[in-house]
Amino acid sequence: MSGLVISQLNISHGAIRAVNDLSFTVQPGQLAAVIGSNGAGKTTLLRTLSGLKSAHSGSVEWNGESILRKKPEDLVRSGIVHVSDGKSVIPELTVKENLALGGIWRKDKKDVALATEEAIDLFPRLGERLQQSADTLSGGERQMLAIGRALIARPKLLLLDEPSLGLAPLVIDQIFQAIKSLRDRHNLTVVLVEQNAMGALRIADIGIIINLGKLVASGPAHELIDNPSLRAAYLGY
Amino acid sequence: MGRLLNTILIGVSGGSIYSLMALALVLVWRSTRVVNFAQAGQAILSTYIGYVVITHTDNYWIAFPVALVAGALAGALIDILMVRTLMKRAHSGPVAGIAPVIATLGLLGLIRAVVGMIWGGDLRQFKLPVSNHGFTFGHNTIPFAPINLLIVVTTVVVMLIFSLIFQRTNLGLSLRASAYQPEIARLAGIRVDLTRTIGWAFAGAAGAVAGMLVTPTNYLSPNSLDLLLVSGFVAAVIGGLESLVGAAVGGLILGISLALVLEYVSSSLAFPVAFVVLIAVLLFKPSGLIGAKRTRHA
Ligand SMILES: Nc1ncnc2c1ncn2[C@@H]1O[C@H](COP(=O)(O)OP(=O)(O)OP(=O)(O)O)[C@@H](O)[C@H]1O
Ligand SMILES: [Mg+2]
């Protein structure tokens, strides 16, 4: 089966079961919002999808192939790119070097140059700051840089961990719109982890709501938005 | 005036070697966060290998690259066989920080013992690759000799090559990214384990160059480079432990101060001065004179 298929996934941190019997599917080209409050297990899930953390049991397939037990550096090469939480840039490097990291393993240098141009077109503020060290960037700019770097790897499955965290509403809008337009233009499959439920569900095709590691609800994003009981309990608006 | 200038020149020559040793320590520190005491052992082993080549070929210039490659290989092997495993086994708890350091200390003892078993403890001497008679200007002969020039030039070349690699190549970018943020580096597709091993290999090569440069004006024995390890540490700490420039500047500061004290105060002070400089830097500027930039916390 194509797309991302997660079945009966269990992930532990020592004695803590952070993800508990979780199953859901994301079709190719879909944008899936994974919603949950603090400690729901969202980061743990993404870290397992990108190979940083091993699972306890269950299976994860991407386009029919099991991706558990693979290393992050190999998964990147097969198109699974993770933008980790906390604005994952390297502050000691310049903006340009951070972007270059995204394509460092790729052989097709022409396309790396093209992808870099596209990333700068998407986030023009990066283009104005190429020679600056990344630690001079604002939080929003860092998030743009982290996403820009991921794009240069030409991802097929993009994993985003709370890109809106700590950003002003206007910047959040900008980032979410960028994510949506990427999905539309490149037929990217996206797993967007968010606490900002409303913002994420508005651009998503499907939503997956988890709490304490367990699936609470999943379905088309607009249905979740309109569901009154979910609203009160999990979506927080 | 001439005396001061001559002293500084000699200091630059000595400091160059400290810089190379500091560079070796900084490369390992940056790539794996390990203070590598075994570096003195790696350097002595490489230099003995150079010595064997010299006794067979009578040619320093063949021995030099052989020692350099041997140093690089030894560095890579130590990382692959020991440090990597150690970091995986002892990754948390109170031993995590100290275990690799203690292991390198053990390795230093081991390498020295093995070198002693193979080549014995007697002091050996290299044939000089170039003269150690000072340059002559008219009637004046200065202490700075062709051998010192060789030391300084080689060091400058090594430093330039390393900074080109670090600043201008993808390998350098991988090395820096893996040193600063290994997890982000992995997510960007960099093979961090391999990159670290390359860092160890570079460090081993730099240490071998230091050993091959210092030994012609000295003698060779299983622990003849121990003092150089201390000076290298001092230089690395003065330079802030993180940067190539720091290692270079730290070595020069130490080399020149030592030369000045030897010349103007007393030659018996050489050893304490290194420690006085070290403690002074730690007291007044613990991050080193060329410390890493503070990052903005957004
Ligand atoms: N390295 C770790 N060691 C032990 N427990 C951990 C570790 N990382 C996460 N946990 C625990 O696992 C659970 C899920 O954490 P996780 O970080 O995945 O949540 P999250 O949904 O990303 O939360 P947030 O929105 O706050 O980022 C929490 O109970 C957390 O305390
Ligand atoms: Mg999280």
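The model is predicted, so local features need pLDDT of at least 70 and side-chain atom pairs count only at pLDDT 80 or more, while totals for chains, interfaces and linings use all residues. Residues are numbered from 1 along each chain as its sequence is written, chains are lettered from A and ligands numbered from 1 in the order in which they are written, and side-chain values use heavy atoms, with hydrogens and water left out.

**Fold and dimensions**

- Chain B holds eleven helices and two strands, counted as DSSP runs numbered from the N terminus (helices are H or I, at least four residues; strands are E, at least two).
- Along the sequence, the order in chain B is α-α-α-α-β-β-α-α-α-α-α-α-α.
- The radius of gyration of chain B is 19 Å, which agrees with the value near 19 Å for a compact globule of 298 residues; the radius is taken over C-alpha atoms, and the globule rule is 2.2 Å times the number of residues to the power 0.38.
- Along the principal axes, the C-alpha atoms of chain B fill a box of roughly 65 × 50 × 35 Å.

**Packing and surface**

- Of the 298 residues in chain B, 51% are buried (under 20% relative accessible area, with exposed over 50% and partly exposed in between; 1.4 Å probe, protein chains only).
- Among contacts in chain B with a separation of 6 or more, 75% join residues 24 or more positions apart; a contact means heavy atoms within 4.5 Å.
- Chain B has an accessible surface of about 13600 Å², and carbon and sulfur atoms supply 69% of that area (Shrake-Rupley method, 1.4 Å probe; for residues, only the protein chains shown count as cover).

**Aromatic residues**

- Over all chains there are nine aromatic pairs, meaning rings of Phe, Tyr and Trp (its six-membered ring) with centres within 6.5 Å; planes under 30 degrees apart are stacked, over 60 edge-to-face and the rest tilted.
- Tyr60(B) and Phe64(B) are a tilted pair, because their ring centres lie 6.0 Å apart with the planes at 45 degrees.
- Both Tyr60(B) and Phe64(B) sit in helix H3 (residues 60-89) of chain B, four residues and thus about one helical turn apart, and both are buried.
- One aromatic cluster takes in Tyr48(B), Tyr51(B), Tyr60(B), Trp61(B), Phe64(B), Trp119(B) and Phe126(B).

**A closer look at Gln42(B)**

- Gln42(B) lies in helix H2 (residues 39-57) of chain B and counts as buried because its relative accessibility is 1%.
- Leaving out residues up to four places away in sequence, Gln42(B) touches Asn36(B), Ala74(B), Gly75(B), Ile78(B), Ile111(B), Trp200(B) and Gly204(B).
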